[in-house]
Amino acid sequence: MSTVDYQISSEEEYQKAYQAALDNPENFWSKIAEQFQWKNKWNKTLEWNFEEYDVKWFLGGKLNITENCIDRHLSEKGEQTAIIWEPNNPKDEVRTYTYNQLAQEVNRFATILQRNGIKKGDRICIYLPMIPEAAFAMLACARIGAIHSVVFAGFSAKALCDRIQDASAKMVITSDGLIRGTKKLLLRNIVGEAIADCDSIETVLTIRHTGDEVETNHLDKWYHEEYAALGEGEIHFEAESMDSEDELFILYTSGSTGKPKGVVHSCGGYMVYADYSFRNVFQYQDGDVFWCTADVGWITGHSYIVYGPLLAGACCLMFEGIPTYPTPGRFWKICEKHSVNQFYTAPTAIRALMGCGNDYPQNFKLDSLKVIGSVGEPINEEAWQWYSKEVGKGNCPVVDTWWQTETGGIMISNLGNIGEHIPTYAGLPLPGIQPVLLNTEGEIIEENGVEGLLAVRHPWPSMIRTTWGDHERCEQVYFSAFKGYYFTGDGARRDEKGHYRIIGRVDDVINVSGHRLGTAEIENAINAHENVVESAVVGYPHDIKGQGIYAYVICHVFPEDEKALRKEITAITSDIIGRIAKPDKIQFVIGLPKTRSGKIMRRILRKIADGTSDQLGDISTLLDPSVVEEIIKGKK
């Protein structure tokens with residue numbers, strides 16, 4: 001079948017579906033969920049309470065998500081390609097896996113996990129490059145009932161350690177090394193440093209990828225050796241029966257406090273929404289080739305490289321490299337080579353490639369593209385127009401998707417070419433999603449043509465269930481600001497026709513290249529330098545990244561060599577968090593603008609950083625207003 005009866009194909013169908021979901025959400029989602037393979041059907045569709053946060057979908061339902069990603073496709077699509085893997089080096093061999101082959105790879109991986117003592121409920125940390133084994137590992141965990149926690153392989157040993165400790169992970173799955181562009185990282189060595197303080201780790205399962213020599217110890221098992229020990233015959237691994245509300249995975253995201261929070265998603269609800277949003281936003285049809293350029297270390301890779309496409313029986317492309325290696329034409333060459341139909345990337349990549357000129361996309365045949373998407377942050381109009389014209393050739397709808405790690409799937413977006421496409425606007429909410437704009441008092445703003453705080457008033461299947469080991473934190477972060485609502489932390493504008501434009505974060509979170517980083521986490525890293533007394537970090541407009549990191553730093557001894565100290569601070573943030581958290585600008589200051597109660601006024605620092613210090617307003621109530629003038633004078 002090229003479509004399912006919940007795949008929307010016209011504006012009229014969208015309106016009908018949206019109203020049906022509004023009138024009876026439980027009936028709407030129940031009909032969609034019935035089209036999946038369940039071991040036991042649920043006895044109640046939804047229980048929810050946003051006051052004391054508790055949400056459950058498809059109560060009593062039993063399933064295994066991998067039976068819906070793999071097994072149910074085998075009779076009709078067994079020989080269809082499930083995954084195409086493009087290596088970092090275009091001269092290396094492309095790997096493809098049919099659904100039959102994917103089934104064997106996942107069954108073998110699950111068997112290896114089981115032989116190494118992994119069972120239902122165990123947490124497994126996955127720290128891998130963008131190789132097919134990353135998808136196999138995730139699916140194998142799900143098949144056995146273990147909870148995977150994928151950590152982006154650009155994070156430092158300290159960041160990896162924090163995530164392993166928080167989840168009490170029993171195993172780390174990694175590789176010898178990682179290659180992206182011309183850069184190489186020895187991942188197993190980083191893991192070795194990370195697990196030195198992690199008592200919970202019993203096994204390190206290492207995949208040989210780069211062939212580099214790495215440091216190993218008594219905890220190590222080599223994946224290729226474990227794989228060979230299984231022999232050459234076909235292996236069947238019985239999928240564990242999971243409750244709909246059992247944990248499927250933990251994914252750590254930065255918050256406004258220093259400690260990363262482990263967002264937990266459940267098996268049943270996440271499955272239903274990942275499939276639903278994938279099919280509808282990208283208007284996927286059987287035979288299409290879908291490519292999401294994200295890393296599986298982020299929620300985009302979870303939902304739109306692994307789970308969403310495979311649930312839909314799609315052909316999905318995975319890419320190991322970067323958009324500019326070996327030339328800035330790499331994305332477009334891959335699109336042409338594999339006749340990609342749906343392409344999904346980040347505004348950061350679009351802006352970087354736009355800066356390389358129009359020749360690159362013009363040199364390749366891109367007429368296979370039917371939908372091009374943007375993810376991670378709001379896309380600016382200049383980049384939207386370039387993307388539409390040079391990549392989409394003016395014939396290809398741009399879906400500017402808004403969602404979060406916590407939402408599990410795309411919440412606001414055009415559905416392919418359905419409806420009106422407005423640059424910088426994400427569009428309308430998907431059926432089943434009920435966004436509202438609130439004022440600062442928590443009152444709903446009913447009219448259109450307004451700005452407000454973006455919240456959601458009714459649950460959807462793939463929403464966050466808890467933060468791992470700390471449900472109170474989940475309630476505080478998402479449900480305490482406005483009682484009865486999930487608060488997204490974003491501000492938004494709604495036009496006269498109800499389209500939403502995301503303005504940006506209203507909390508202390510910076511969106512760097514589509515990756516959310518907590519200011520407290522970065523400040524803690526900077527403050528680890530022996531010469532740093534205190535720091536304050538804010539975001540500022542960046543031509544490529546969307547937001548850059550601007551750090552204001554107070555030192556014990558003002559540096560004679562500012563350049564050298566900046567280099568040291570940059571190195572510390574890279575070591576503690578990862579290269580993605582390096583400040584773009586560091587300004588050494590004598591003080592920070594604080595209230596009399598000691599609160600740092602980041603609002604003032606943001607205006608200085610973005611060049612609007614002439615709009616500071618009244619600063620006379622600060623503890624020391626003269627500090628502001630000194631900071632403005634020394635601005636980088």
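Okay, let's start with helix 2 (residues 25-33) and helix 10 (residues 267-282): their axes come within 10 Å and cross at roughly 85 degrees. That makes helix 2 roughly perpendicular to helix 10, a label for angles of 65 to 115 degrees. An axis here is a line fitted to C-alpha atoms over the stretch in contact, and angles run from 0 to 180 degrees between N-to-C directions. Helices are DSSP runs (H or I, at least four residues), numbered from the N terminus.

Quick background: this is a predicted model, where local features need pLDDT of at least 70 and side-chain atom pairs count only at pLDDT 80 or more, while totals for chains, interfaces and linings use all residues. Residues are numbered from 1 along each chain as its sequence is written, and side-chain values use heavy atoms, with hydrogens and water left out.

So who touches whom? Helix 2 brings Phe28, Trp29, Ile32 and Ala33, and helix 10 brings Val272, Tyr273 and Tyr276; contact means heavy atoms within 4.5 Å. By class, that's seven nonpolar, no polar and no charged residues. Nonpolar means Ala, Val, Leu, Ile, Met, Phe, Trp, Tyr, Cys and Pro; charged means Asp, Glu, Lys and Arg; the others, Gly among them, are polar.

Next pair: helix 5 (residues 99-115) and helix 6 (residues 132-144) pack at about 65 degrees, axes 8 Å apart. Their contact includes Phe109 and Leu113 of helix 5, and Phe136 and Ile144 of helix 6. The classes there are 11 nonpolar, two polar and three charged residues.

Methods:
Helix = DSSP H or I, 4+ residues; strand = E, 2+ residues; numbered from the N terminus. Parallel < 35°, antiparallel > 145°, perpendicular 65-115°, else oblique.
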